[in-house]
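Visitor: Could you take me slowly through the place where the ligand is held, and tell me what surrounds it?

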Amino acid sequence: MDWGMKNRISRIIKPKTGKTVMLAVDHGYFLGPTTGLEEPRDVIKQLVPFADSLMLTRGLLRTVVDPANDTPIVLRVSGANSIIGDDLSNEAITVSVEDAIRLNVSAVALSIYVGGKYEHQTLKNLATIISECEGYGIPVLAVTAVGKEMARDAKYLSLACRIAAELGAHIVKTYYCEDFEKVVKSCPVPVVIAGGKKISEKDALELAFNAIRDGASGVDMGRNIFQSKDPVGMIKAVRSIVHEKVTAEKAFETLKI
Ligand code: R5P
């Protein structure tokens with residue numbers, strides 16, 4: 001792995017702890033004005049100081065994030081689908097590597113739908129973007145999107161994560177599940193977890209704690225942070241779990257809810 005690639009990865013996964021708190025605000029790419037992100041500028045502004053990286057789309061980055069902000073950017077480069085469309089797995093590559101470089105991103109992110117109707121297309125998208133990004137030392141985060149018909153269990157998620165890593169993804173984002181340590185052990189690159197749909201703050205913090213305990217390199221969390229009644233408190237609480245091994249109970253006590 002070359003210097004640039006290693007340097008960009010270390011901007012995301014902090015060398016001091018080997019962990020990361022990524023803030024995901026890319027939901028609008030297929031969900032439109034997601035609850036909590038209807039007017040994203042202020043939400044992002046108040047949360048970004050506590051995020052190790054910010055995951056979002058090109059459009060949001062250019063319109064709501066101050067270019068003077070120095071938080072590493074993980075740019076979503078797949079999409080062209082919508083929640084009301086034919087099939088969510090019908091994704092394309094939506095950003096050129098040249099534009100990602102122009103936007104000075106630290107990594108790009110792309111979804112794959114293993115077992116989905118357009119599985120092959122999304123895996124080809126991943127392979128293509130990795131091959132292009134390798135030439136510029138840009139890491140690729142593969143997001144294992146799970147279709148409604150798929151079970152979010154260790155067997156399925158291990159399959160999806162391992163395929164992403166075998167195609168060359170540098171980081172894989174997936175969901176937490178029972179026997180999660182099996183998913184991590186069979187994936188040769190760092191695994192981070194998505195938060196998923198909004199659950200209680202207590203449960204979301206427990207999810208983060210369990211994922212780190214079971215070997216995750218961090219979280220790439222969105223709705224459970226920006227839809228919380230105390231979003232700033234929530235991201236700080238998640239940070240304390242991920243970077244300082246604070247228990248979910250102790251982290252919960254710090255929330256103003
Ligand atoms: C999918 O819509 C995106 O990749 C999100 O970034 C991802 O699902 C993480 O966000 P959340 O924690 O809200 O699931």
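## The ligand and its pocket

Guide: An oxygen atom of the ligand lies 2.7 Å from an N or O atom in the side chain of H27, which is a polar contact in the sense used here (a pair of N or O atoms within 3.5 Å). This is a predicted model, in which local features need pLDDT of at least 70 and side-chain atom pairs count only at pLDDT 80 or more, while totals for chains, interfaces and linings use all residues. Residues are numbered from 1 along each chain as its sequence is written, and side-chain values use heavy atoms, with hydrogens and water left out.

The backbone takes part as well: a polar backbone atom of G195 is 2.9 Å from an oxygen atom of the ligand, and for G222 the distance from a polar backbone atom to a ligand oxygen is 2.8 Å. Of the 360 Å² of accessible area that the ligand has on its own, the protein covers 95% (Shrake-Rupley method, 1.4 Å probe).

Around the ligand there are 14 residues (a heavy atom within 4 Å), and those that come nearest are D26, H27, G196, G222 and R223. Sorted by class, this shell holds five nonpolar, four polar and five charged residues, with Gly counted as polar.

The ligand sits in the largest pocket (more than half of its atoms within 2 Å of the grid points). A pocket here is an open set of points on a 1 Å grid where a 1.4 Å probe fits, with protein on both sides within 12 Å along at least five of seven lines, and lining residues have an atom within 4 Å of a point. The volume of the largest pocket is about 1000 Å³. Its lining numbers 38 residues, of which F30, L88, V146, R152 and Y175 are the closest to its centre. By class, the lining of the largest pocket divides into 15 nonpolar, eleven polar and twelve charged residues.

Technical notes
Polar contact = N/O pair within 3.5 Å; in protein donor to acceptor, adjacent residues only side chain to side chain. Points joined across faces, edges and corners; volume = space filled by probe spheres on them.
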